[in-house]
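Here is a short tour to read with the structure open beside you.

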Number of protein chains: 2
Amino acid sequence: VPDGIGLPAVNIDLLGNEPAIIIGLMSGTSADGIDAAVMQVGGVSRPPAWKLLAHLAAPWSTALRGAILGACRPDAPLQHICALDVLLGDEFARVAQYAATAAGLPMSAVTAIASHGQTVWHQPEPMEIGGGRAAGTVQLGEPAVIAARTGRVVVADFRPADMAVGGQGAPLVPFADCLLFADIKETRVVQNIGGIANATLLPAGGALQDVVAFDSGPGNMVMDALALRCTDGRLACDLDGAIAASGQADAALLAELLEHPYFARRPPKSTGREQFGGEYADAVYSRAVELGLSSADLLATAAALTIETIGRAYSDFFAGFGRIDTVILGGGGARNPVLVAGLRARLAPARVTSHVEFGMPDEAKEAAAFALLGYSTLRGIASNVPSATGAARPAVLGKICLPPL
Amino acid sequence: VPDGIGLPAVNIDLLGNEPAIIIGLMSGTSADGIDAAVMQVGGVSRPPAWKLLAHLAAPWSTALRGAILGACRPDAPLQHICALDVLLGDEFARVAQYAATAAGLPMSAVTAIASHGQTVWHQPEPMEIGGGRAAGTVQLGEPAVIAARTGRVVVADFRPADMAVGGQGAPLVPFADCLLFADIKETRVVQNIGGIANATLLPAGGALQDVVAFDSGPGNMVMDALALRCTDGRLACDLDGAIAASGQADAALLAELLEHPYFARRPPKSTGREQFGGEYADAVYSRAVELGLSSADLLATAAALTIETIGRAYSDFFAGFGRIDTVILGGGGARNPVLVAGLRARLAPARVTSHVEFGMPDEAKEAAAFALLGYSTLRGIASNVPSATGAARPAVLGKICLPPL
C-alpha cells in the first residue's frame with residue numbers, strides 16, 4: 001500500500017475507498033480541556049485529501065482538571081489513575097458526540113474516533129525497575145469506554161508504539177504537519193506553542209522522511225505557572241502577555257535559564273511537565289525573588305525564554321536546511337502578542353503567519369492531527385517520523401478498539 | 001457474521017478462511033510467571049475447530065516478581081507502573097518467541113499474539129474521583145512492545161471493553177470454556193483454582209448465553225499467604241497440601257471466615273487480591289493465633305474455606321440448572337490432593353475430572369483461552385459472557401496493535 005509520502009504500510013486496511021470521517025480528540029499537557037476536530041480524510045488520492053468539517057474545545061470541569069493535574073506526578077496512586085482513565089474516557093466520548101453534532105452528522109456517519117487522551121506521565125528516558133530498565137508513557141481516556149459510549153471504532157494510545165521501536169513517543173504531530181502544510185517550493189516551519197513549544201521543519205518539496213521536528217523547550221508552561229505565583233493564584237495565565245509587555249526581560253536571569261542542558265541537546269528530543277513544570281517554575285520564581293525582579297520583568301523574562309529557545313533551536317538545528325521561508329505559528333502562544341512580536345523579530349526574514357491561512361485554524365490542528373494519525377492506523381500506514389522521535393524504524397501507531405454490539 | 005455459539009459480531013474480520021495460529025499469553029493474580037499456549041484456531045467451521053500445538057510456563061525472575069507484587073497496591077506509583085508496563089511487554093514477547101519455538105514454528109508463521117497481561121489492579125466497583133465515579137482495571141505488558149519485538153499483530157487488554165458496558169471485566173475464560181468443553185448431553189462445570197477460584201457452568205446443549213460463571217472466592221491465594229507466614233517465609237505454598245493434610249479444619253474459624261459478605265453475594269461477581277490478599281491473610285493469621293490454632297490446623301482451615309466456598313457456590317447459584325454431571329478441575333489447586341479429595345467428597349455425585357481428558361492440559365487452559373479471545377477479536381466476534389460478567393451487552397474485547405515495519 002503506497003502512502004504517497006514515503007512511508008510503508010502493513011497489509012491491513014480497515015477503511016474502504018470512500019473518504020472516512022474521523023473525529024480527532026486531544027487534551028494537551030496544560031490540561032485545559034478536550035479539543036475535537038471532525039475531519040474528512042482519504043478516498044483514493046495519495047497523500048490523502050483532507051477537509052476540516054468542524055472543531056470545538058470543551059474545558060474540563062474544575063474537579064476533573066484538579067484530578068488530572070493531581071495525577072501528573074511520578075507517585076500518583078495506581079487506583080486514582082485507573083479510575084480517572086475510565087472517567088476521562090466518558091468525557092472524551094461526550095465531546096466526540098458534541099463534535100459530530102457540530103459537523104451536522106449523526107454518530108453513525110462517523111467512521112472512527114482517534115483519541116490522543118490526556119498525558120499524565122511521559123518518560124522517554126529509561127528508569128530502573130524489577131531488575132531491568134524501561135521508558136514509558138501514560139495517556140488516560142480509556143478507548144474501550146469511548147467505543148462503548150459512541151458505538152464507533154476507536155484508535156488511541158499512539159505514543160507507546162513509537163517508544164517500542166526506540167523513539168521518544170513525541171512529537172507525533174509532524175506526520176500531520178507534513179500532510180497539512182508541506183509545500184513543493186517553500187521551506188516551512190510549523191511552530192506550535194502549547195505548554196511545551198515544538199517545531200517541525202518541512203523542507204521544500206520534502207517527503208516525510210526529510211521532516212525534522214522536536215520540542216524546543218517551554219511554550220506557555222513556565223509563563224503560566226509564574227503568572228499564577230506572581231498573582232497569588234488570581235491569574236492562571238498572563239492574558240495577551242499584558243504583564244510581560246509592561247516589563248523588561250532580565251538578561252542575567254535569562255542567561256541562567258538558557259543554561260538548562262535540555263536546550264543544547266541535539267534532536268530528537270522531547271520534554272514536558274517533568275522538566276519544566278511546577279518544580280522548575282518554583283525554582284525560577286525563587287531565583288527572581290533573590291534577584292529582586294518585579295513580576296512584570298519576571299514574566300517578560302519567561303516570554304523571552306520561550307522566544308529565545310525557539311530562535312536558538314532554529315539556528316542550531318535547522319542550519320543545514322537553508323533559508324526558512326515561512327513560520328506557521330500555532331497553539332495558545334500564537335495568540336500572545338508578546339510572543340508573536342518577539343518571534344517575528346527573532347526569526348526575520350522568515351514570514352511569520354498562522355494556521356488559518358491554510359484552512360486549518362491552529363486551535364483545531366492538534367485534534368485534526370490525531371484524526372490523521374487514526375486514519376493512517378486504520379490504513380495500516382506507519383505515521384511516526386523516525387527523524388523526529390528518534391525511532392529506529394517506522395511504526396503503525398495506536399491501538400484499535402472495536403465497538404460493542 | 002454468525003459465530004455459531006449465539007453471539008453476534010461486528011463487520012470487521014482481520015483473519016482469512018485459513019486456520020489462524022494464535023499464541024495466548026497470561027500471567028495470573030499469583031504472579032508466578034507467564035503461561036503461553038500456541039493454538040491453531042478456526043477455518044470455516046463455527047464454532048471454530050481448535051488444536052493446542054504447544055504450551056509452556058516461564059517463571060518471572062525474582063526481581064520482576066517482586067516489582068509486580070509491589071505494584072499490586074492502590075497507591076503503587078504511576079512512574080513504576082509505567083516502566084513496569086514496558087518491561088513486562090518485553091518479557092511477554094520473549095515468552096511468545098519461546099512458545100513459537102516450542103511449537104516448531106518460526107514467528108512469521110504466527111498469525112497473532114493475544115496477551116492478557118499481568119493484572120496489578122482490578123476494581124469493578126466504582127470509586128469517586130474528579131467529581132465523578134469510575135471502576136477500572138490495569139493489566140501490564142505493553143502490547144506495542146510485544147508487537148515491536150515479535151513483528152506480529154497483538155490483541156491485548158481484554159477487560160476494559162466488558163467493564164465499559166457495565167460488566168465486572170471478569171471472568172473472561174467462560175467464552176473459551178464454552179468453546180473447549182461444552183457438551184450436547186452433559187451439564188459440566190469448569191472449576192479453575194488459581195489464586196482465586198472460579199466456576200463456569202456449561203448447561204447441557206447450552207449455547208454461550210446460557211453459561212453462568214463467577215469467582216467463588218479464594219483459590220490458593222489465602223493458603224499460599226498463610227503457608228508463607230506459618231513457615232516464617234520458608235515456604236511460598238503448602239506443597240501438595242502436605243501441612244494441611246496433617247491438620248484438622250477448625251470449625252469455629254471456618255464459620256467466621258464463611259461470614260465474609262463476598263460469598264453470599266449473587267453472581268455476577270469477581271474478586272482478587274484486593275479482597276483476599278495480604279491484608280486478609282494477615283487478619284486470618286492473627287485470628288488463628290488468638291484461637292491458638294496450629295499451623296497444620298490453620299492451613300487445613302484455609303483449604304476447607306476454598307472447598308466449602310466452592311461447594312456452597314454450586315448449591316446456591318447453580319441450583320436451578322439440574323444435576324451437574326462432570327466437574328473439570330483446573331489451575332494450580334487441581335494438583336493439590338487435599339483440595340481434590342475435599343471437592344470430590346463435597347461435590348458428589350458429580351464426577352470430578354481434569355482438563356487433560358479433553359485434550360487441554362489445565363496448565364495450558366488460561367493461556368489458550370486468551371488465544372481464543374484474541375482470535376474472536378480479530379474476527380470481530382463478541383466474547384464476553386454478559387451473564388457471567390454482568391455486562392449490559394455483548395462486547396468485542398481487547399485492543400488490536402499492529403506491528404512496526
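In chain B of this predicted model, five strands make an open sheet with mixed pairing, running in the order β9-β8-β7-β10-β11. Helices (DSSP runs of H or I, at least four residues) and strands (runs of E, at least two) are numbered from the N terminus, and two strands pair if DSSP finds at least two bridges between them. At the edges stand β9 (212-218) and β11 (351-354) of chain B, each with a single partner strand, so one side of each has no neighbour in the sheet. Neighbouring strands are turned against each other by 25 degrees on average, direction ignored. Helix α5 (residues 173-181) of chain B packs on this sheet, where it touches β7, β8, β9 and β10 (326-330) of chain B, and its direction makes about 50 degrees with that of β8(B). Axes here are lines fitted to C-alpha atoms, for helices over the stretch in contact, with angles from 0 to 180 degrees between N-to-C directions; contact means heavy atoms within 4.5 Å. Within the sheet, β7 (residues 188-193) and β8 (residues 196-202) of chain B pair in the antiparallel sense over six bridges, and Gln191(B) stands opposite Ala199(B) in β8(B).

Chain A also has an open sheet of five strands, with the order β9-β8-β7-β10-β11 and mixed pairing. From one strand to the next, the twist averages 25 degrees. Strand β10 (residues 326-330) of chain A pairs with β11(A) in the parallel sense over four bridges, and Val327(A) faces Val352(A) in β11(A). Helix α13 (residues 337-347) of chain A packs on the sheet and touches β7 (188-193), β10 and β11 of chain A; the direction of α13 makes about 160 degrees with that of β10(A).

Back in chain B, helix α8 (residues 251-258) has Leu253(B), Leu254(B), Leu257(B) and Leu258(B) as its buried residues. Buried means under 20% relative accessible area, exposed over 50%, and partly exposed in between (1.4 Å probe, protein chains only). Viewed down the axis of α8(B), these residues fall within an arc of 135 degrees, so they line one face of the helix; the arc is taken from the directions from the helix axis to the C-beta atoms. They pack against α9 (261-264), α11 (278-291) and α12 (295-317) of chain B.

Now for the rings. Over all chains, the whole structure holds 20 aromatic pairs. Rings of Phe, Tyr and Trp (its six-membered ring) pair if their centres lie within 6.5 Å; planes under 30 degrees apart count as stacked, over 60 as edge-to-face and the rest as tilted. Two pairs share Tyr262(B):

| Pair | Centre to centre | Angle of planes | Type |
|---|---|---|---|
| Tyr262(B) and Phe263(B) | 6.3 Å | 80 degrees | edge-to-face |
| Tyr262(B) and Phe276(B) | 6.1 Å | 80 degrees | edge-to-face |

The pair of Tyr262(B), in helix α9, and Phe276(B), in helix α10 (residues 273-276), links parts of chain B 14 residues apart. Tyr262(B) is buried at 1% relative accessibility, and Phe263(B) is buried at 10%. Phe276(B) is buried as well. In chain A, ring pairs join Phe214(A), Tyr314(A), Phe317(A) and Phe318(A) into a cluster.

Which residues does Ser30(B) contact, leaving aside its neighbours within four places in sequence? They are Arg65(B), Leu69(B), Gly195(B) and Arg273(B). Ser30(B) sits in the loop between β1 (19-27) and β2 (33-42) of chain B and is buried at 18% relative accessibility.

As for confidence, the predictor gives the complex an ipTM of 0.82 and a pTM of 0.84. Chain A has a mean pLDDT (the predictor's confidence in each residue, from 0 to 100) of 92, and 96% of its residues reach 70 or more.

Residues are numbered from 1 along each chain as its sequence is written, and chains are lettered from A and ligands numbered from 1 in the order in which they are written. In this predicted model, local features need pLDDT of at least 70 and side-chain atom pairs count only at pLDDT 80 or more, while totals for chains, interfaces and linings use all residues; side-chain values use heavy atoms, leaving out hydrogens and water.
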